[in-house]
Amino acid sequence: MAVPLLSLDQQNAALESQLTEAFQRVLHSGRFILGPEVENFENETAEALQVKHAIGVSSGTDAILMALMALDIGPGDEVICPSFTFFATAGCIARTGATPVFADSCPVCFNLSLKDFEKRITPRTKALIPVHLFGQAAEMEGIMELARSHNLAVIEDAAQSLGARYRERPVGTIGDFGTFSFFPSKNLGGFGDGGLLVTNDDALAATAVALRAHGASRKYFNERVGGNFRLDALQAALLRVKFPSLESYARARAGNAAYYIEKLSALPGVQQNDPALCDCPLSAQPSADPEARIILPVAYPHNTHIWNQFTLRVPSGRDALREHLQTSGIGSEIYYPRPMHRQECFANLEMDRDSLPVADRLAAESLSIPIYPELTQTQLAEVVDAIRTWLVSTQS
Ligand SMILES: *Cc1c(COP(=O)(O)O)cnc(C)c1O
């Protein structure tokens, strides 16, 4: 039986009649952009996230761009983000005319290295973008402290982490802005592009709402230059059908993660990273046993991890393992094969490209395996078996 990396059919089929009903409701309403469906979706997400303002937008990427625009970030400014992230985080900084500054990551949790973020602050720094990668919160206490002491704005890129918590607080609601994505592979996967921008700041929310419609809070009277960052009514209506299931999806993912951790950690050469070695709380330590062949991801006890990805580190032979899985009919993906500081489009940025060793290592070692909620016990066991076979057959 094949195990795809992700299978959306099952999840959506379970809700087919409600989805069809939502489609018909929009069809007959004649309101296709913003309107009551979007407003209801905004209210429902704001309440669940315990945040004052939730603004439905066209994508997770546009949510980041709008946050930067609302904070008036532009030419001459610097914004720090992790190098090991999805491109959108860095791309949006560059699109405002500001300079993206890339920081290194923690080898244990894949999130930002607080120590390296701090090192890269200059008098031109205006904002920090922590990314809650793979479904787990970055070290927000440290980031907020850093931001306060240097008077910097914080945009949480929570595209992969809707529903995750950091010390009980929903991620995305701690900084000045939080951004979410409904790209189909995220935990709340939509039916096309969509995103959400959240904030507790009334003035920033008003600015963002204006930016969403060309910077005009009153139609045809443009106070600033915005864009078309609106969410479709149809997208909102369909997302409203799936949103109540988000927690159960996360629970199923966590169950799958627990299974992998139990079964995989029993295999020779597999080890779980030691949270004590985490680079986040300002202690730089090398991670894991150099002998380890596969290193399992860690969920910190103070976090609620929503497991958007289950990402292994394979210090040697990552591509060989990926090939073996493929031959066994098991999907996997490399998130992300090239860190931002090595992207061609950023080749003009002046920086020391050898100063991000962890980002380079994670790009060379990371491999995400299927974790989606609808995986069966048989499929999970198949994944573990395939990894066992690879370990045994390639043992030196
Ligand atoms: C998916 C993602 C985005 C962009 O979201 P889109 O909705 O695809 O534009 C931004 N940042 C991260 C970390 C992501 O994973």
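Q: Start with strand S14. Which way do Ser366 and Ser368 point, and which way Leu367 and Ile369?
A: This is a predicted model, so take what follows as computed from it. Ser366 and Ser368 point one way from S14 (residues 366-369). Leu367 and Ile369 point the other way. All of them are buried.

Q: What joins S14 to strand S13, and in which sense do they run?
A: Four bridges join S13 (residues 310-313) to S14, and the two run antiparallel.

Q: Which residue stands opposite Ser366?
A: Arg313.

Q: Now strand S8. Is it mostly covered or open?
A: Mostly covered: five of its five residues, 177-181, are buried. On one side sit Phe177, Thr179 and Ser181. Gly178 and Phe180 are on the other. Both faces are covered.

Q: Which strands does S8 pair with, parallel or antiparallel?
A: S8 pairs with strand S5 (residues 153-157) in the parallel sense, over three bridges. With strand S9 (residues 195-199) the pairing is antiparallel, over four bridges.

Q: Remind me how strands hold on to each other in a sheet?
A: Strands of a sheet pair through backbone hydrogen bonds, parallel or antiparallel.

Q: Back to S8. Which residues face each other there?
A: Glu156 stands opposite Gly178 in S8. On the S9 side, Ser181 has Gly195 as its bridge partner.

Q: S5 came up. Where else does it matter for packing?
A: S5 is part of what covers the buried residues of helix H5. The cover also includes helix H4 (60-70), strand S2 (78-82) and strand S3 (99-103).

Q: Which residues of H5 are buried?
A: In H5 (residues 87-95) they are Ala88, Thr89, Ala90, Gly91, Cys92 and Ile93.

Q: What happens just after H5?
A: Gly97 takes a positive phi of about 95° there.

Q: Where is Tyr220, and is it buried or exposed?
A: Tyr220 is found in the loop between helix H8 and helix H9 (233-242). Its relative accessibility is 68%, so Tyr220 counts as exposed. The cut-off for exposed is over 50%.

Q: And Arg167?
A: Arg167 lies in the loop between strands S6 and S7. At 38% relative accessibility, Arg167 counts as partly exposed.

Q: What sheet are S6 and S7 in?
A: An open sheet of three strands, in the order S7-S6-S12, with antiparallel pairing. The edge strands are S7 (169-170) and S12 (303-304), and each pairs on one side only.

Q: How many bridges join S6 to S12?
A: Two, with S6 being residues 165-166. Arg165 has Thr304 in S12 as its bridge partner.

Q: You mentioned peptide bonds. Which one is cis?
A: The bond from Tyr335 to Tyr336 is cis, with omega near 5°. Tyr336 has its place in the loop between helix H11 (318-327) and helix H12 (357-365).

Q: Back to H8. What about Thr207, buried or exposed?
A: Thr207 lies in H8 (residues 202-212). It counts as buried, at 15% relative accessibility. Leaving out residues up to four places away in sequence, Thr207 touches Ala70 and Arg224.

Q: Zoom out. How many helices and strands are there in the chain?
A: The chain has 13 helices and 14 strands. Its radius of gyration is 21 Å, close to the 21 Å that the globule rule gives for 396 residues, so the chain is as compact as a globular protein of that length.

Q: What box do the C-alpha atoms fill?
A: Roughly 70 × 55 × 35 Å, taken along the principal axes.

Q: How much of the chain is buried, and what is on the surface?
A: Of the 396 residues, 57% count as buried. The accessible surface comes to about 16,600 Å², and 51% of that belongs to carbon and sulfur atoms.

Q: Last one: how many positive and negative side chains?
A: There are 33 positive and 45 negative, and the centres of the two sets lie 2 Å apart.

Notes:
Residues are numbered from 1 along each chain as its sequence is written. This is a predicted model: local features need pLDDT of at least 70, side-chain atom pairs count only at pLDDT 80 or more; totals for chains, interfaces and linings use all residues. Side-chain values use heavy atoms; hydrogens and water are left out. The radius of gyration is taken over C-alpha atoms; the globule rule is 2.2 Å times the number of residues to the power 0.38. Buried means under 20% relative accessible area, exposed over 50%, partly exposed in between (1.4 Å probe, protein chains only). Accessible areas come from the Shrake-Rupley method with a 1.4 Å probe; for residues, only the protein chains shown count as cover. Lys and Arg count as positive and Asp and Glu as negative; His and the chain ends are not counted. The place of a charge is taken as NZ of Lys, CZ of Arg, CG of Asp or CD of Glu. Two strands pair if DSSP finds at least two bridges between them. Contact means heavy atoms within 4.5 Å.
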